[in-house]
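Please keep the viewer open as you read.

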Amino acid sequence: MKTFTPDSSIASDVVPSPNHGERNQGRLPDMIVLHYTGMPDVEGAIRQLCTAGTDVSAHYIVLEDGRIVQCVPEARRAWHAGVASWAGEEDINSCSIGIEIVNRGHDWGYPDFPLRQIAAVIALCRGIMLRRNVPSHRVLGHSDIAPSRKKDPGEKFPWHSLANSGVGHWVQPAPIVRSDALRIGAVSDDVRDMQRALAKYGYGVTINGKYDGPTREVVAAFQRHFRPARVDGIADQSTLTTLRSLLASLSADATNVAAR
C-alpha cells in the first residue's frame, strides 16, 4: 500500500489503510468523530482498520501511550461512521475526520482513558479544527451519530477535559435530583418538545411525541456524552436542563446549522 505524508505534525507513524474513497461531491470535512477501538489489543485493532476487505478504517489511531498513527489522508473518505446521521446529514464519512482511540470498550472491561492518550487526542483535534475549520459543536462521539448501534467513546471519556482545551461543546451537567421524568411509553407534548430540542442540537430522532425505543436510545446517547453520571435513557430534570443549556450556549449560526 502506498504511504503518504501525514497531515498532522504530531502523527508519529503512517500505517496506510486501503479502505477509503473519494468524499462525495467534493464535500470538505467539517466534523470530527471520536471512536474507541473496542478490541482487546492494539495490534488487532490496527489490523482490522488497515486490512483490505474489512471495509472499515479511520484517519487516525491514538494509542494509549499518546502515539498517533495516521491510516488515511484527511482529504480522503475513511469508512468509520457506518449508518449514521447528524443535523440532517447521513453521509457522515464524507463530511468527517474519524479518530479511533485505543480502548477495549464496554465488551472488554472498559478501562479509563490514560491522561497521555487524552492529551494526544486534544492536540490532534485542535490541529484538525484549525486546518479544517471544524466548529466545536461538531466534535462528536460515534454514539452521537449512531445512537441505536454504538456506545463509544462512552461515558468514561472526559469530554469536559477536551472542552477545557477548546475541543468540543460542553456545559456543566445539571445536578441529578429527584424529579418527574419522561420515560419509555410516555406520549405527550413534553416528549415532542424534548425530541425537537434533541433534533435541533443535531441528533437523528423522529419527532412524534412518543417516548419509544429509538427516542430512549437517543436520550441515552445524549447522557453518555453530556450527562455521564447516569446513563439510563430516562429524561429526568437533569437531562432536560442540560440539553436546554447546551442549546442556549450555541451561537445563532450553530443552531441554524444544527436545525437544517
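Let's start just past the end of helix 3, where N133 takes a positive phi of about 55°. Bear in mind that this is a predicted model, in which local features need pLDDT of at least 70 and side-chain atom pairs count only at pLDDT 80 or more, while totals for chains, interfaces and linings use all residues. Residues are numbered from 1 along each chain as its sequence is written, and side-chain values use heavy atoms, with hydrogens and water left out.

**Helix 3**

Helices (H or I, at least four residues) and strands (E, at least two) are DSSP runs numbered from the N terminus. Helix 3 covers residues 115-132, 18 residues in total, and its first and last C-alpha atoms are 25 Å apart, close to the 26 Å expected at 1.5 Å a residue. That expected span is 1.5 Å times one less than the number of residues.

Which residues of helix 3 are buried? They are Q117, I118, A120, V121, I122, L124, C125, G127, I128 and M129. Here, buried means under 20% relative accessible area, exposed over 50%, and partly exposed in between, using a 1.4 Å probe and protein chains only. The partners these buried residues pack against include strand 3 (31-36), strand 7 (96-101), strand 8 (139-141) and helix 5 (159-164), where contact means heavy atoms within 4.5 Å.

Six strands build an open, mixed sheet in the order 1-5-4-7-3-8. Strand 1 (13-14) and strand 8 stand at the edges with a single partner strand each, so one side of each is left without a neighbour in the sheet. Two strands pair if DSSP finds at least two bridges between them.

L34 takes part in both pairings: it stands opposite I99 in strand 7, and its bridge partner in strand 8 is G141.

Strand 3 is mostly covered, with six of its six residues buried. M31, V33 and H35 point one way, and I32, L34 and Y36 the other.

**Pockets and a cavity**

On a 1 Å grid over the protein atoms alone, a cavity is a set of points where a 1.4 Å probe fits but cannot get out; a pocket is an open set with protein on both sides within 12 Å along at least five of seven lines, and lining residues have an atom within 4 Å of a point. Grid points are joined across faces, edges and corners, and a volume is the space filled by probe spheres set on the points.

| Space | Volume | Lining make-up |
|---|---|---|
| Largest pocket | about 470 Å³ | eight nonpolar, 10 polar, seven charged |
| Second largest pocket | about 190 Å³ | eight nonpolar, six polar, three charged |
| Largest cavity | about 30 Å³ | two nonpolar, four polar, three charged |

Ala, Val, Leu, Ile, Met, Phe, Trp, Tyr, Cys and Pro count as nonpolar, Asp, Glu, Lys and Arg as charged, and the others, Gly among them, as polar.

The largest pocket is lined by 25 residues, with Y36, T37, E100, K150 and D152 nearest its centre. Helix 1 gives the most to this lining, three residues.

The cavity lining includes G141, D152 and W159.
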